[in-house]
Amino acid sequence: KNSLMKYIEVYVVKVNPLKCPQVIGSLIDLDCSEDFIKTLLQNVRAACPAEPLVEQIEKRNRLRLILPWLEARVAEGNQDPHLHNAMAKILIDTNREPENFLKTNAFYDSKIVGKYCEDRDPHLAYTAYKRAWGSCDEQLVDVTNRNGLFRLQARYLVERQSPDLWALV
């Protein structure tokens, strides 16, 4: 089994790094060691496409597994929203200063991250939607109405000063 791992690593790193997400997904399905998967991802580095990798890992509820890889891509200055969405989801689930991330990171998709937060923490959903400043108004009003966050809703309405937004409420 161990000798075959070398072949998998050579295939993913040298032959076809674009297939990395499918290979990682299959390795997770086969209960491969997390250390091997992390090492494999570190060797592939940025050659592995972020969107399909995040999709494969998220399907299997193992997003935390790729945290070191995500952090390395962010440190390289990668601005891919899928990468930053995954980072946001991990920070929200692990409660590692998610509010600070949501306020300071400019690259995540507010709709996706806000929707992810709605059931977990409505305050974080509000923060994500607020950052979009207009493009997620309907979602913001909905989440604040459903969770009784009327003070936050009123503050946002006053800050935005939009007659169209007032009509939604």
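How many of the 10 residues of helix α2 (residues 20-29) are buried? In this predicted model, the count is seven, so α2 is largely enclosed by the rest of the structure. The buried positions of α2 are Cys 20, Pro 21, Val 23, Ile 24, Gly 25, Leu 27 and Ile 28. After the helix comes Asp 31, which has a positive phi, near 60 degrees.

The C-alpha trace spans about 65 × 25 × 25 Å along the principal axes. Of the 169 residues, 43% are buried. The accessible surface amounts to about 9400 Å², and carbon and sulfur atoms account for 50% of that area. When contacts between residues at least 6 apart in sequence are considered, 53% of them join residues at least 24 apart.

In soluble globular proteins, nonpolar side chains tend to be buried together. The largest nonpolar core of the present model contains 52 residues. Those with the most contacts inside this core are Ile 24, Ile 37, Leu 41, Trp 69, Leu 70 and Val 113. Helix α6 (residues 81-94) supplies the largest share of the core, seven residues.

With neighbours within four places in sequence left aside, Ile 24 is in contact with Ile 37, Leu 40, Leu 41, Leu 53 and Ile 57. Ile 28, also in helix α2, has a relative accessibility of 6% and therefore counts as buried. Ile 28 and Leu 65 stand 37 residues apart in sequence, with their C-alpha atoms 10.0 Å apart in space.

In helix α3 (residues 34-44), the buried residues are Phe 36, Ile 37, Leu 40, Leu 41 and Val 44. Viewed down the axis of α3, they fall within an arc of 135 degrees and so line one face of the helix. An α-helix has 3.6 residues a turn, so residues three or four places apart point the same way. Arg 45 follows α3 and has a positive phi, near 55 degrees.

Helix α4 (residues 50-59) has Ala 50, Leu 53, Val 54, Gln 56 and Ile 57 as its buried residues. These cover an arc of only 165 degrees around the axis, which puts them on the same side of α4. The cover over the buried residues of α4 includes α2, α3, α5 (67-75) and α6. Asn 61, which follows α4, has a positive phi, near 55 degrees.

Aromatic rings were examined next. A pair of aromatic rings is described by the distance of the centres and the angle of the planes. The model has two aromatic pairs. Phe 101 and Tyr 108 form a stacked pair, with 6.1 Å centre to centre and 25 degrees between the planes. Both Phe 101 and Tyr 108 are buried. The other pair, Trp 133 and Tyr 156, is edge-to-face, with 5.5 Å centre to centre and 80 degrees between the planes. This pair links distant parts of the chain, 23 residues apart: Trp 133 is in the loop between α9 (122-131) and α10 (137-146), and Tyr 156 is in helix α11 (residues 150-160). Trp 133 counts as partly exposed because its relative accessibility is 42%, whereas Tyr 156, at 1% relative accessibility, counts as buried.

Arginine side chains also lie over tyrosine rings. Arg 131 is positioned over the face of Tyr 108, at 4.0 Å from the ring centre. Tyr 108 is thus a member of the stacked pair with Phe 101 and also has Arg 131 over its face. A further case is Arg 120, which lies over the face of Tyr 116 at 3.7 Å from the ring centre.

Technical notes. Residues numbered from 1 in each chain as written. Predicted model: local features only at pLDDT ≥ 70, side-chain atom pairs only at ≥ 80, totals over all residues. Heavy atoms only, no water. Buried < 20%, exposed > 50% of the residue type's maximum accessible area, 1.4 Å probe, protein only. Helix = DSSP H or I, 4+ residues; strand = E, 2+ residues; numbered from the N terminus. Arc of directions from axis to C-beta. Phe/Tyr/Trp six-rings, centres within 6.5 Å; stacked < 30°, edge-to-face > 60°. Lys NZ or Arg CZ within 6 Å of the ring centre and 35° of its normal. Contact = heavy atoms within 4.5 Å. Areas by Shrake-Rupley, 256 points an atom, 1.4 Å probe, with all protein chains shown as cover. Core = buried A, V, L, I, M, F, W, Y, C linked by side-chain atoms within 4.5 Å.
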